[in-house]
Amino acid sequence: MRISRAMTGAGVLGLLLAPVAQAAPACAAPLAVARALFQAGTSARFLDTPDALLAPGFARLIAAERDCQQREQGICRLDHDPWLDGQDGEVDAEPGYQWVARSPAAGTVEVRFAVWGEPRLARLAMRRQADGCWRAEDLVTDRGQSLRALLVRPFP
């Protein structure tokens, strides 16, 4: 009886700790963060991307845009999907990811994918944060538009 309770307790503890164990690799590797960011941004609105994938300053800009759009009941600065680099489209296949290091604490993940058969390349500027986690600081679209630069513009 004690053994089965101990095994059950260990199983429950394992289930409780599983999300923590799964979160660590996504935080520790820039490619894993990029994959999670792409998946989150293409399955919902980019503005709903989890803050845990974004550098604090970038997360604040995205939250401010999200709040502005709710307050204005429409578009503020961002009028398109940054991954699609347009208002319409559908990602046709799994994206490819490539890490380009600039330093031990910074680099870019190039994300290659197709939208309705047309090749696209988006770039995520990544930086290792003080907690050791990699997070996105910017997304540069296929046309070269920096999302950060767009979001810092004053809204009338």
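Which residues form one aromatic cluster? Phe 38, Phe 46, Trp 83 and Phe 113 do.

The structure is a predicted model, in which local features need pLDDT of at least 70 and side-chain atom pairs count only at pLDDT 80 or more, while totals for chains, interfaces and linings use all residues. Residues are numbered from 1 along each chain as its sequence is written, and side-chain values use heavy atoms, with hydrogens and water left out.

The protein has four helices and four strands. Along the sequence, the pattern reads α-α-α-β-β-β-β-α. Helices (H or I, at least four residues) and strands (E, at least two) are DSSP runs, numbered from the N terminus. Of the 156 residues, 38% are buried. Buried means under 20% relative accessible area, exposed means over 50%, and partly exposed lies in between (1.4 Å probe, protein chains only). The accessible surface comes to about 9,100 Å², computed by the Shrake-Rupley method with a 1.4 Å probe, where for residues only the protein chains shown count as cover. Carbon and sulfur atoms hold 57% of that surface. Among contacts (heavy atoms within 4.5 Å) with a separation of 6 or more, 47% join residues 24 or more positions apart.

A search of the whole structure finds five aromatic pairs. Rings of Phe, Tyr and Trp (its six-membered ring) pair if their centres lie within 6.5 Å; planes under 30 degrees apart count as stacked, over 60 as edge-to-face and the rest as tilted. One of the pairs joins Phe 38 and Trp 83. Their ring centres are 4.8 Å apart and their planes stand at 75°, so this pair is edge-to-face. It links distant parts of the chain, 45 residues apart. Phe 38 lies in helix α2 (residues 30–43), and Trp 83 in the loop between α3 (56–72) and β1 (96–103). Both residues are buried.

The rings of Trp 99 and Trp 134 also pair. Their centres are 5.1 Å apart and their planes are at 80°, so the pair is edge-to-face. Trp 99 is in strand β1 and Trp 134 in strand β4 (residues 134–140), so parts 35 residues apart in sequence are tied together. Trp 99 is partly exposed, at 28% relative accessibility. Trp 134 is buried, at 4%.

An α-helix has 3.6 residues a turn, so residues three or four places apart point the same way.

Arg 60 is in helix α3. At 57% relative accessibility, Arg 60 is exposed. Arg 60 and Leu 151 are 91 residues apart in sequence, yet 9.9 Å apart in space, C-alpha to C-alpha.
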